Each structure stands twice: as structure tokens, then as C-alpha cells.
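Let's take a friendly walk through a protein model together. Have a look at the picture, and then we will go through its parts step by step.

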Amino acid sequence: MSANVDLRTFDLFNPTEEHSMLRQTIKDFVKAEVEPQALHHDRKELFNLPLFRKLGELGLLGITVPEEYSGSGMDALAAVIVHEELSYSDPGFCLAYLAHAMLAVNNFAFNASEVQKKSMLPKLCSGEWVGCMAMSEPHVGTDVMGMKATAVATGDHYILNGRKMWITNGTIDESGTPADFVLVYAITGEKNGRPQISSFVVEKDFVGYSVGQKIRDKSGMRASNTAELVFDNCKIPKTNLIGHEGDSMLHMMRNLEIERVTLAAMSLGIAKRSLDVMIRYAKEREAFGKPLNHFGQIQKYIADSYAEYKAAACYVYDTARKMDLTKEGQRVDSDGVKLVATTMGKNVADRAIQVLGGYGYVGEYVVERLWRDAKLLEIGGGTIEAHQKNITRDLSKHL
Ligand SMILES: Cc1cc2nc3c(=O)[nH]c(=O)nc-3n(C[C@H](O)[C@H](O)[C@H](O)COP(=O)(O)OP(=O)(O)OC[C@H]3O[C@@H](n4cnc5c(N)ncnc54)[C@H](O)[C@@H]3O)c2cc1C
């Protein structure tokens, strides 16, 4: 950004021409390709793999990956634009995108070795490979340091044992085909009484890696697959260790920042769509001889939703603007934006259902799907209670 930027004309949401063009490209793609399939894939619990691969053609699967590794070399704000616009139509599909592009690919691109990046990123950026990230376990989510998966070095391999739970893109189709690339966290030792966490790339054909339970009948986010992954004496070549042994607590903390900001951006898309639906409906639908938008209670739903959406959007975009993907630095605010935006998104979708009355409760009118999807964003990538805990801890350090 230029030092002489005119703050009166500066657009926080599209700071450069490149950001505006990106937003328009996604809007066009969403209208033509994402919206027509969204309800069907939600109802049938189907991940749309061919559509996902089209995101590769648009350069979105490696949006933050430097161009020398086949990515688009864009910033965190660009990633926010993509997540907001995809979630305007299909948050479930967007979650599968986020699991690949943010949780797996962005993390790998900023922590892997030259050799690893050169060999794997082109396949991840094109969509030839679908990626996922495995941190949570059946008995451990928020308390991540309590993870049980272990990797033990033996000769030129590590032997990984453990189970990972709730993994988005853990399968890529109904028959349970595993993801091509799993970025998995495991304990490799202990230092000063604390577990040392390392991360590895597990590839689809590695011995001892399989898909466990497929999580069916989720309330929302049904257009993305969720599965348990099982590692039973899984043999990982040492060349698939990311960074050095014990480095990955830092990788995890840094990547959680972009994860939380883009999850918050998904809530912005949900809120914007819910607003558009309720504003239009309240203008057209009449009761007691007047359009609904003449009633004060309906006005409160619309106006509160607009103001809360706008406030959250300013916080999300301002935080994204300040992010440097190579460093930690927006820890408090990445928790903060997710805390504010996800509950806002859920509340706005809820009000939209209320404004539409009975129609709001039916799939064709979109907002009931958005409301179900919105709830997950208060849980995944950190629960709202975890954000409250983290923010209080971090703010207390400075006073
Ligand atoms: C659809 C879906 C997709 C997901 N995708 C992925 C993925 O791709 N990869 C991945 O690794 N994980 C994924 N997750 C897991 C997700 O990140 C966890 O569900 C989340 O971190 C919460 O962990 P948990 O479910 O174990 O809940 P728990 O940690 O057991 O929490 C249960 C409740 O206790 C509260 N709680 C816990 N500790 C505290 C505390 N100290 N103070 C106050 N309250 C507390 C929580 O806030 C929550 O309300 C996904 C989950 C879902 C549902």
C-alpha cells in the first residue's frame, strides 16, 4: 500500500485493483457454478470434487502460495475475499476449500523445505491432490497439547500411531477414498516437561494410513466430508517431516491465525447473503396491507443485522490487511474476529429465517442452510470459549 494513500477513498474491503478483480471473478463463478449446485450437495451430503478442481483452474487452491511454487502469491486479505464470496452461496463447499487451501496448503507452503515445496505444491495448487490437516483427536480438541498421536524415528522413517477426528476432506468421495495429502500433527518427544509437536505429510498410499469412521448426518457443512483418520504403525519417510522435529507448535500457532480469519470471513458471507434475502423479502411480502419492512420489529432485525455485519467486516478486513503470512503477529485479533463474526453470522441467519416466517424454514429459501452452516463456525478452528480464553490470557500479559 502506498504511503500517500488517500484515507477518504481507501477501500478497506478491496484495497487494490487486484483485490477488486478477484472479488468480481469469484462473484461471477459463484453465480454461474456454485449457487446452482449448493442445495443439492447439502441435502445429499456430497462434496463436489469436479467443482473443487475448477478452483484450481482459477488459481484459488494455492491463493497464498508464492508464484514460484505454482501459487497465486496473494495476501491474507485476498483469501478473506474468496472465503466471504464462496460462503455467500455455499459455506459447506467453502469449508472443503478452506481445509485444503488454508489448513493444509498455506501451512505447508510457509513451513516446508524447498525440495518438499517444489515436489508437492504444484499438485496441491492445481487440484490434482486434495489436502487436509489433522490436528484434533477423538478425546482432544481445544486442549491440543493433550494430543496422543506419536511419531517415533526409526532408521530413515517415522512410525506414526494415533487417531485424528473431525478431519475435513478426510475423504474425498462417498466410497471413502482418502485425501491425497494429510498434514498431520504428532508428538515426537518432550522438553522441559512439555510435549514436542512435529508435523508430517502423509500421502494416500502410505502403509498404515486409513480412513476410520466417516462422520455422516452433520447438522450443517454437509457439502464437505468429515472423517476420522487412523494411523496404525504408519510408515512416513523422514523426508516428509515438515521443518525440524519439535518445530510445529509454532507452525500450528501461525497457521491458526489465517485459519481463524478466513473462518470469520465465511461468517461474513453467510451474514451478507442472509441480509440480502431478508431485505428483499421484507420489501415484497405484505401483511396487514403493508410491506413487512414497515413494521418496527422487522426493521430492527434488518438494521441490527446490517450494522453488526458491517462492524464485523471492518474488524475482519482490518486484521487481514495487517497479516504477514510468514510470521505470527495477529494472534489476539485472529481470535477476536472469529469470536465476533461467527456469532454475528449465526444471529443474522437466524433473524433472516424469522423475517421469512415459514418460508425461511425451507431449503429453497437458502437461509435455513446458512443458519445450520453458521453454527459450525462457533466450534471448528477454535470454539468461542477457546477464543475468550485465549484473548483474556494474551491481553493479561500486557497489563
Ligand atoms: C465439521 C467439523 C470439521 C472439522 N474440521 C477439522 C479439521 O479439518 N481438522 C482438525 O484438526 N479438526 C477439525 N475439527 C475439529 C474442531 O476444530 C474441534 O471440534 C474443536 O476444536 C473443538 O474441539 P472438541 O470438539 O474436541 O471439543 P472440546 O475441546 O472437548 O470442547 C467441548 C466444550 O468444552 C469447552 N471447553 C474446552 N476447554 C475449555 C476451557 N479451557 N475453558 C472453557 N471451555 C472449554 C469448549 O469450548 C466446548 O464448548 C472439525 C470439527 C467439525 C465439527
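## Around the ligand

Four elements, α4, β1 (131–134), β3 (157–168) and α10, each give at least two residues to the shell around the ligand. Helices here are DSSP runs of H or I with at least four residues, strands are runs of E with at least two, and both are numbered from the N terminus. The shell holds 24 residues, and the closest are Met135, Gly141, Thr142, Thr383 and Glu385.

Domain 2 (131–248) and domain 3 (249–396) each supply at least three residues of the shell.

## About the model

This is a predicted model: local features need pLDDT of at least 70, side-chain atom pairs count only at pLDDT 80 or more, and totals for chains, interfaces and linings use all residues. Residues are numbered from 1 along each chain as its sequence is written.

## The whole chain

The chain has ten helices and ten strands. Its C-alpha atoms fill a box of roughly 80 × 55 × 40 Å along the principal axes. The radius of gyration of the chain is 21 Å, which agrees with the value near 21 Å for a compact globule of 399 residues. That radius is taken over C-alpha atoms, and the globule rule is 2.2 Å times the number of residues to the power 0.38.

## Domains 1 and 2

The domain assignment gives domain 1 (17–126), domain 2 (131–248) and domain 3 (249–396); such bounds come from an automatic or database assignment. Between the centres of domain 1 and domain 2, taken over C-alpha atoms, there are 22 Å. Their contact takes 24 residues from domain 1 and 19 residues from domain 2, where contact requires C-beta atoms, placed from the backbone, within 7 Å.

Which element gives the largest share of the side of domain 1 that touches domain 2? The answer is α4, with 13 residues. By class, this side of domain 1 has 15 nonpolar, six polar and three charged residues.

## Two helix pairs

Helix α8 (residues 331–356) and helix α10 (residues 384–396) have axes that come within 9 Å and cross at roughly 145 degrees. Axes are lines fitted to C-alpha atoms, for helices over the stretch in contact, with angles from 0 to 180 degrees between N-to-C directions. Five nonpolar, six polar and four charged residues form the contact of α8 with α10.

For helix α3 (residues 76–87) and helix α6 (residues 248–284), the axes come within 7 Å and cross at roughly 35 degrees. Their contact has ten nonpolar, four polar and two charged residues.

Conventions
Ala, Val, Leu, Ile, Met, Phe, Trp, Tyr, Cys and Pro count as nonpolar, Asp, Glu, Lys and Arg as charged, and the others, Gly among them, as polar. Two residues are in contact if their C-beta atoms, placed from the backbone, lie within 7 Å. A residue is near a molecule or strand if its C-beta atom, placed from the backbone, lies within 6 Å of it.
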